[in-house]
Amino acid sequence: MRVDAIKDKVAIIGMGCTKFGENWNMSVEDMLIDAVYEAYADAGVETKDIEAAWLGSVGSAFTGETLGRPLKLKYKPITRIENACGTGMDTLRNACFGVACGLYDIVLVAGVEKLKDSGYAGLPEFFFHPVYGQGFTAPGRWAMIATRYFQTHGIKPEEGKRALAKIAVKNHHNGTFSPKAHFQREITLEQALNAPTIAWPLGLFDCCPTTDGAAAAIICSADIAKSFKDDYVLVKGFGVAMGPCLGKEDIDYKYDHLPETEAAARQAYEAVGIKNPRKEISVAQVHDCFTIAELTEYDALGFCERGRAVQEVEAGTFTLEGELPANTDGGLKAFGHPLGATGLRMCNELYLQLRGKAGPRQVKNPSLGLAMAQGGHPGMLLPVITILGCRD
Amino acid sequence: MPAIISTGAYIPYYRLKREEIVRAWGGAQRGEKAVANFDEDSVTMAVEAGRDALHGIDRQTIDGLYFATTTAPYKEKQGAAVIASALNLKKGVFAVDFTDTLRAGTNALRAAVDAVKAGSAQRVLVVAADCRLGAPGSEFEQVFGDGAAALVIGKEGSIDLVSSYTHTSEIIDQWRLDSHAFTKKWEDRFVATQGYLANVSEAVGAFMKQQNTSLKDFNKVALYAPDARGHQEACRMLKLDIKTQVTNPMFDTVGNTGAAFALLILVAAVEEANTDDKLLLVSYGDGCDIFTFHVKEKPAMDKERRGVQGYLKAKNYLSNYEKYIRFRKLMEVESGRRRPPQVSSAVVIHRDRRMIYSLNGSECTSCGRAFFPPQRICLYCQAKDQFREISLTERKGKLFTFSKDELAQSLDPPVIVSIVDLEGNLRFYGQMTDRDPDKVELDMPLDLTFRKMGEAEGYYSYFWKCRPVR
């Protein structure tokens, strides 16, 4: 891997994001238009300036036409990316390749998902085997790491559940400062602990909602970024690691840590030159589809020693005022999780934080931000990490 | 001489106390009945009884599989073919369904005995299972139970067949139409006196005369009866000694298991038999089948075999009658807005049939590591297409990790999502059945069981699940 191929080569000069939530009266096209035009306005560009576009969507798009038709992006190259819940983040990554190699100066990146039209609770099931692995849901699959993680690391189930509840309380609190978040309401520890079980040990507040939303970014070659904006943000590096995806089948996969996420983090830190992520990263957006995901990711991203995440949560390390604030806009838990848009929403939060524009949830003097979205579930994970930084 | 080589039984994990049915509909009944789990049917129960009987027997030696039931899942499509696949029997096995009569179990036994006698089969596995419904509120609902029995019949065995006798008669006493879910019957006294009692009396009398023997010569009598009262009346009529001579027909513990019933009582009789005992089996249903056996030596129970006695002990109660209604789909019950049932594919099921039915995994011939489902490229040594298939069905394991998923659609939530570390250093991932959610814990011992997975696309799909060791 040539780490200098990406680092500081691509700049984000504009971002947009719709209100995330139950957008009953907005179509996929409506949300894409609103997110993209907000990003246009932020960057000071128009459709005619866009040379190429990338669209991320898990199940709400067909081809690039889902983006090109509403925007009237006539005769431009448009690529659709799909990589489960890592989709939005991987869309940005692929678009960055187009800019970093010098082929395009200005490109559009958009992600969208419309989940509330299905009429069903939870995610729609995607095609799997007709009998093998049938009858399980996303929370059921994530809960399997909670059971074993607690056991290996000597955490009593009630202690573990309390740490998970604290993550939910924190993210709901952060969501109250995010006008575009799906939920903008505090919850109490008692509420979280006493909520109905969805997939034991996960309760209702351990699970992110199903959400509609879109987000977009305008990225350009770092050389020309200054002509659009003084406070542009630089892409520092990526990490992506598709595991063997056989954890449920491989007796050596231990369900007490996330080897895929650890591998992606190693890649990203090497790409950026990060030696001590806990100290060097100022703010992080991590994939809290379930609170147990956020908990285990603290270990996997090297924010603490493996197995220590519960103590760090109890110590408040990841709160807005803590040493390493995580999910400052409420995360998937409170901001919502429209799959294809999520990675871009995370980058949008970093884009705001790194430029000091995050309002009441602003963290102090951030320099490097990490965003991590992951598709699948433990044993079948696809983590995608993006590290962004302030311009020099 | 044809002989019983081995016996097996299956009684489902759940029991319904008859007082729960009385709570709903009134009446008076005692005891409990065995109730198939929501993911069981006559095919899956037959597989379980077959596995029980086949412990310690080389499955490749079985060249006949006779499946008896009145509740075959399909009108057109063989149940025995599914059972043969799940039991990993050889391709050349002669698989047949015997059906449409309560005598189907003993009809299959007669056919097996005759095939062995004629030399057209070496070893025949007879499996009988039934999962019948009485209409809600009916006497049949109280009486019917679910279960299965299995016998391996061959040339050499510890229990010789001495003689057999059949008598066929036509009477409209009890029936179920093609289009009906529930069994019906004519008025009680007609059914009892002109049907069951008249037939048993006539057939047993004729048989004793033909064999020049007497009922007193038998140490154990396995006597089919429609219900407890009929059983008592028949014993009185035949002057049998209920206390010492008659095997308990399990009306208070299991119920009338239809086509499997006579064979299930026979299996219970064999389990309690002593060396040199003489056994008599009498079935009923559109006539009678009668068999007599000589126990040359008391059969040794393989320690892995559960048999009737083992399965009677391992049980749990359905919490209420409503759950029974739900399991048997007797009412449309709201299950919440969830994604529609998975689209199935007959093509995928066909392509993966050895993985699905025989639960075949792969064992790398390069590094020896095993894997389920089978992998063409070894995860551990990357060897390509160097593996042999291994069947996992009889392996035991421990629960590595789990979740109790309330969001997943099921007739019996929560779905216990399970990863099981099996003997032989490999893993099984699937659902846990026959379990008490409050007693699920890491590292608990589990084994595997063949179950119905779904009805997407209008056909039944089957696969394996794990269950706590009973």
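This is a predicted model: local features need pLDDT of at least 70, side-chain atom pairs count only at pLDDT 80 or more; totals for chains, interfaces and linings use all residues.
At 14% relative accessibility, A:E262 counts as buried, because the cut-off for that class is under 20%. A search over all chains finds 61 salt bridges in the whole structure.

- A:E262 sits in helix α7 of chain A, which covers residues 259-272.
- Beyond its neighbours within four places in sequence, A:E262 is in contact with A:H257, A:A300 and A:R306.
- A:C208 is placed in the loop between β6 (202-203) and β7 (213-221) of chain A, and with a relative accessibility of 16% A:C208 counts as buried.
- Setting aside neighbours within four places in sequence, the contacts of A:C208 are A:D288, A:C289, A:L332, A:K333 and A:H337.
- A:D42 is 166 residues from A:C208 along the chain, and the C-alpha atoms of the two are separated by 29 Å.

**Where chain B meets chain A**

- On the chain B side 46 residues are in contact with 43 residues of chain A.
- About 3,900 Å² is buried between the two chains, and carbon and sulfur atoms give 64% of that area.
- Two salt bridges are found across this interface.
- The side chains of B:R369 and A:D252 meet in a salt bridge, at 3.1 Å from N to O.

**The second largest pocket**

- This pocket holds about 670 Å³ of space.
- Its lining comprises 23 residues, and B:A81, B:S85, B:K91, B:R353 and B:Y357 lie nearest the centre.
- Elements giving two or more residues to the lining are α3 (79-86), α12 (346-351) and α13 (353-356) of chain B.
- Helix α3(B) gives the most, with four residues.
- Sorted by class, the lining has 12 nonpolar, five polar and six charged residues.

**Helix α7 of chain B**

- In this helix, residues 228-238, the buried positions are B:G230, B:H231, B:E233, B:A234, B:C235 and B:L238.
- An α-helix has 3.6 residues a turn, so residues three or four places apart point the same way.
- The cover over the buried residues of α7(B) includes α6 (188-211), β11 (220-223) and α8 (242-245) of chain B.
- B:T193 is found in helix α6 of chain B and, at 30% relative accessibility, counts as partly exposed.
- After α7(B) comes B:K239, which has a positive phi, near 60 degrees.

**Salt bridges within the chains**

- A:D8 forms a salt bridge with A:K236, with the closest N and O atoms 2.7 Å apart.
- A:D8 lies in the segment before β1 (10-17) of chain A and A:K236 in strand β8 (residues 233-240) of chain A, so the pair ties together parts 228 residues apart in sequence.
- A:D8 is partly exposed at 29% relative accessible area, whereas A:K236 is buried at 10%.
- A:R69 and A:E29 form a salt bridge too, their closest N and O atoms being 3.0 Å apart.
- A:R69 is in helix α2 (residues 65-71) of chain A and A:E29 in helix α1 (residues 28-43) of chain A, so this pair ties together parts 40 residues apart in sequence.
- B:R451 forms a salt bridge with B:D39, the closest N and O atoms being 3.0 Å apart, and both residues are buried.
- Shared partners join the salt bridges of B:E48, B:R51, B:R59, B:R306, B:E394, B:D447 and B:R467 into one network.

Definitions and conventions. Residues are numbered from 1 along each chain as its sequence is written. Chains are lettered from A and ligands numbered from 1 in the order in which they are written. Side-chain values use heavy atoms; hydrogens and water are left out. Buried means under 20% relative accessible area, exposed over 50%, partly exposed in between (1.4 Å probe, protein chains only). Contact means heavy atoms within 4.5 Å. On a 1 Å grid over the protein atoms alone, a cavity is a set of points where a 1.4 Å probe fits but cannot get out, and a pocket is an open set with protein on both sides within 12 Å along at least five of seven lines; lining residues have an atom within 4 Å of a point. Grid points are joined across faces, edges and corners, and a volume is the space filled by probe spheres set on the points. Ala, Val, Leu, Ile, Met, Phe, Trp, Tyr, Cys and Pro count as nonpolar, Asp, Glu, Lys and Arg as charged, and the others, Gly among them, as polar. Buried area is the accessible area (1.4 Å probe) that two parts lose on being put together, summed over both. A salt bridge is a side-chain nitrogen of Lys or Arg within 4 Å of a carboxyl oxygen of Asp or Glu.
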